[in-house]
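Reader: I am new to reading structures, and I would like to go through this one slowly. Could you show it to me before I ask anything?

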Amino acid sequence: MSQKSLVAYFSCSGVTKKTAELLSDMAGADLFEIRPEVPYTKADLDWMDKKSRSTVEMNDPSYRPAIADKVEHMEQYDTVYVGFPIWWYVAPTIINTFLESYDFSGKTVIPFATSGGSGMGKTDAVLHALCPDSVNWKSGKMLNGYDRAQMEAWVKTLA
């Protein structure tokens, strides 16, 4: 039986989207964009504004933004790569919504991120706690600026 993979990603600026597309190509995986039901505006993403939507969401660990679409037939995937930009040293809360929306029992889950300057922080611990039944949780990887050769080499380490 062949293994089937999915790259699910959230991207506001397009950086994570480009990384997800390259990963999807290198891993031979399907691609799914995690889109918020209510799209983010530029003002929503102003992390300097304490009242901006992103700041309010990130300051409330229980907040779960609604997702516009569902992955069809999630059960068919053995491996799920989950990509996102780093916000406040963790994944955006929409990633929590995504992980809590599916049963990851028996799946390999591999988080990856992009960031303008911060590291992964406690992202792995926070996300892994949301889907503890995944059979194989891989440590998150920062993929800033990965080219085809680097991405291919990383994907090979996961096999």
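Reader: How far apart are the end C-alpha atoms of helix α1, and which span should its 13 residues have?

Author: This is a predicted model, in which local features need pLDDT of at least 70, side-chain atom pairs count only at pLDDT 80 or more, and totals for chains, interfaces and linings use all residues. Residues are numbered from 1 along each chain as its sequence is written, and side-chain values use heavy atoms, leaving out hydrogens and water. Helices (DSSP runs of H or I, at least four residues) and strands (E, at least two) are numbered from the N terminus. The expected span is 1.5 Å times one less than the number of residues, so the 13 residues of α1 (residues 15-27) should span 18 Å, and this agrees with the distance between the end C-alpha atoms, 18 Å.

Reader: Which residues of α1 are buried?

Author: Buried means under 20% relative accessible area, exposed over 50%, and partly exposed in between, with a 1.4 Å probe and protein chains only. The buried residues of α1 pack against elements that include β1 (5-9) and α5 (148-158), where contact means heavy atoms within 4.5 Å. These buried residues are Thr16, Thr19, Ala20, Leu22, Leu23 and Ser24.

Reader: Is Met48 buried or exposed?

Author: Met48 lies in the loop between β2 and α2 (53-58). Its relative accessibility is 60%, and therefore Met48 counts as exposed.

Reader: How far apart are the C-alpha atoms of Gln76 and Lys4?

Author: Gln76 lies in the loop between α2 and β3, and with a relative accessible area of 30% Gln76 is partly exposed. Although Gln76 and Lys4 are 72 residues apart along the chain, their C-alpha atoms are separated by 6.9 Å.
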